[in-house]
Amino acid sequence: MEQGIKVLIVDDIPSVCKRINNILKKDPEIIEIHKAQNGYEAILKTSLHKPDVILMDIHMETHTAGIKATHEILLHFPNIKIIMLTVYEEDELIFSAFQAGVVDYVLKDAKADVILSAVKDAYRDSSPIRPNIARKLRGEFKRIKGNEESLLFYINIVSTLTSTELETLKLLCEGKSRSEICDIRFVEESTVKSQIRSILRKFKSKDTKEVINIINKLNIFTVLNNI
């Protein structure tokens with residue numbers, strides 16, 4: 001293959017992540033492996049690392065955390081291939097996963113060659129488990145709405161801010177007034193006003209309070225500080 005495969009493993013059980021990681025790292029076609037322990041972290045690490053294939057557990061912090069994360073990820077990165085990790089072959093669960101857009105599923109205790117084949121086949125867009133049915137399910141049932149309050153949507157916007165805009169936004173989210181920001185940053189009020197206008201333009205908003213509420217609601221600065 002011309003390029004190697006980048007994989008993200010998402011599971012809240014460390015032993016499962018470790019086993020799958022040990023299987024994947026032995027294959028020369030797998031060039032990058034990242035791990036996440038919940039759906040929230042899966043979204044963040046997808047945004048940061050842009051994996052080719054994600055092995056996604058369904059039951060994590062909530063019963064459907066993996067499904068929700070799959071929706072969110074595919075909304076912004078539709079070309080990423082997601083494989084469902086499951087303990088049992090539950091028809092309803094597997095159907096829900098295909099509705100969300102997964103391309104395949106694999107049992108957590110599957111043999112090493114089965115897991116490797118699943119990852120490589122997903123990467124090549126040639127899943128051996130009824131690929132036509134999988135494509136039909138994805139096309140007919142995937143209902144991903146453009147939710148502009150999604151975590152990934154706003155992280156992408158924050159990533160476009162300059163360092164000074166980011167600092168100003170952070171101070172605003174901490175409840176600082178414009179005059180306080182001027183004092184803290186040793187800048188003129190006109191500079192702060194200009195940065196706020198730029199921030200609002202990037203967020204496509206006319207209301208500073210609206211942007212602050214969104215950032216604080218999603219705990220974006222807390223999350224970014226922990227990465």
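Modeller: Let's start at Phe186, which sits in the loop between α9 (178-185) and α10 (189-203). Helices here are DSSP runs of H or I with at least four residues, strands are E runs of at least two, and both are numbered from the N terminus. Keep in mind that this is a predicted model, where local features need pLDDT of at least 70 and side-chain atom pairs pLDDT 80 or more, while totals for chains, interfaces and linings use all residues. Residues are numbered from 1 along each chain as its sequence is written, and side-chain values use heavy atoms, with hydrogens and water left out.

Most residues other than glycine have a negative phi. Phe186 also counts as exposed, because its relative accessibility is 76% (exposed is over 50%, buried under 20%, partly exposed in between, with a 1.4 Å probe and protein chains only).

With a relative accessible area of 42%, though, Asn219 is partly exposed.

Axes are lines fitted to C-alpha atoms, for helices over the stretch in contact, and angles run from 0 to 180 degrees between N-to-C directions. From α8, Leu169, Leu172 and Cys173 make the contact, and from α11 it is Thr208, Val211, Ile212, Ile215 and Asn216 (contact means heavy atoms within 4.5 Å). Sorted by type, these residues are six nonpolar, two polar and no charged.

Along with Met56 and Phe203, they have the most contacts inside the largest nonpolar core, which has 51 residues. Such a core is a set of buried Ala, Val, Leu, Ile, Met, Phe, Trp, Tyr and Cys residues joined through side-chain atoms within 4.5 Å. In soluble globular proteins, nonpolar side chains tend to be buried together. Helix α7 (residues 151-158) gives this core its largest share, six residues. There is also a second, separate core of 21 residues, including Ile9 and Val119. As for α7, six of its eight residues are buried, so the rest of the structure largely encloses it. Leu151, Leu152, Tyr154, Ile155, Ile157 and Val158 are the buried ones.

Leaving out residues up to four places away in sequence, Met56 touches Ile82, Ile83, Met84 and Leu85, among others. Strand β3 (residues 53-57) pairs with β4 in the parallel sense over five bridges, and Val53 stands opposite Lys81 there. (Pairing needs at least two DSSP bridges.) All six residues of β4 (residues 81-86) are buried, so β4 is largely enclosed. Lys81, Ile83 and Leu85 point one way, while Ile82, Met84 and Thr86 point the other.

The whole sheet is open, with five strands in the order β2-β1-β3-β4-β5 and parallel pairing. β2 (30-36) and β5 (104-107) are at the edges with a single partner strand each, so one side of each has no neighbour in the sheet. On average, neighbouring strands are turned by 25° against each other, direction ignored. Helix α2 (residues 39-49) lies across β1, β2 and β3, at about 150° to β2. Helix α5 (residues 112-123) packs on the sheet and touches β1, β2, β3, β4 and β5.

Overall, the chain has twelve helices and five strands, and 46% of its 227 residues count as buried.

Conventions
Ala, Val, Leu, Ile, Met, Phe, Trp, Tyr, Cys and Pro count as nonpolar, Asp, Glu, Lys and Arg as charged, and the others, Gly among them, as polar.
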